[in-house]
Amino acid sequence: PPADISKLTALDEILDESVELIVGAVSPAALTQARAPTRFGGVGLRRITPLSPIAHFASLAQCIQSLPLCAHLPRDLCLFPLIAHPSLFPFPQVTSLMSSVLGDGPYPKKIQKSLSLALDTAAFVLLHSSLPADEKARLISLTQHGSSLWLHLPKAALEDNVWMSPSTAHTALRLRLGLPLGSNHVCTLCRHQNADGLGRHALSC
């Protein structure tokens, strides 16, 4: 409900602060990336404020569909009041998103999943469009198959105490978010290439 938004915003701020506690100072673009799901190149520290109305809407839609009145009515007709009457669901950003996702088509069976995906996709496109060419390539590479497996350790690995050290996690996360790891210097391995502060030369030397 709208009355709880301030509490959710405060929780989102705590999550943002946790990113800086782990990796140090971050740019706005890096923070936006960290908030994204791992399949979109993020770290999965999802912001609750934009997702809460989506979950609320999906819950209301599920309840409405279970009403006896809707048993013999088309599914779209049962859910239409949530879109058409703002007083029933005072979250215009979600109803607008719902309209853009659905168009003239039928309502998806998994409404929350469909809306969350649309929200994440829009955020990814916006972030990608704001980056220079080399950063665009970095972000796209993070969406490829297998690039985020290290963020999803299997249960067996956790039971075997397979953990990254704090310094390793710090470095890995800064590399993922496109944050500097150090200053530019001559590579100590090949001794003739510039080892950039973002760590990209070190990945391929």
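How many salt bridges does the count come to? The count comes to 4 salt bridges, a salt bridge being a side-chain nitrogen of Lys or Arg within 4 Å of a carboxyl oxygen of Asp or Glu. This is a predicted model, in which local features need pLDDT of at least 70 and side-chain atom pairs count only at pLDDT 80 or more, while totals for chains, interfaces and linings use all residues. Residues are numbered from 1 along each chain as its sequence is written, and side-chain values use heavy atoms, with hydrogens and water left out. Helices are DSSP runs (H or I, at least four residues), numbered from the N terminus.

**Salt bridges**

- Arginine 35 pairs with aspartate 16, their closest N and O atoms being 2.7 Å apart.
- Aspartate 16 counts as buried at 16% relative accessibility, whereas arginine 35, at 21%, counts as partly exposed (buried is under 20% relative accessible area, exposed over 50%, partly exposed in between, with a 1.4 Å probe and protein chains only).
- Arginine 46 forms a salt bridge with aspartate 120, with 2.6 Å between the closest N and O atoms.
- That pair links distant parts of the chain, 74 residues apart: arginine 46 is in the loop between helix 2 and helix 3, and aspartate 120 is in helix 6.
- Arginine 46 is partly exposed at 25%, and aspartate 120 is buried at 11% relative accessibility.
- Glutamate 135 and arginine 138 meet in a salt bridge at 2.9 Å, N to O.
- Both of these residues lie in helix 7 (residues 133-141), 3 residues apart, about one turn of the helix, and both are buried.

**Aromatic pair**

- The whole structure holds 1 aromatic pair (ring centres of Phe, Tyr or Trp, the last by its six-membered ring, within 6.5 Å; planes under 30 degrees apart are stacked, over 60 edge-to-face, the rest tilted).
- The rings of phenylalanine 40 and phenylalanine 124 have centres 5.5 Å apart and planes at 45°, so the pair is tilted.
- Phenylalanine 40 lies in the loop between helix 2 (28-35) and helix 3 (48-65), and phenylalanine 124, 84 residues apart from it, in helix 6 (residues 111-129).
- Phenylalanine 40 and phenylalanine 124 are both buried.

**Alanine 10**

- Alanine 10, in helix 1 (residues 5-23), is partly exposed, with a relative accessible area of 36%.
- Alanine 10 and isoleucine 48 are 38 residues apart in sequence and 9.9 Å apart in space, C-alpha to C-alpha.

Technical notes
Helix = DSSP H or I, 4+ residues; strand = E, 2+ residues; numbered from the N terminus.
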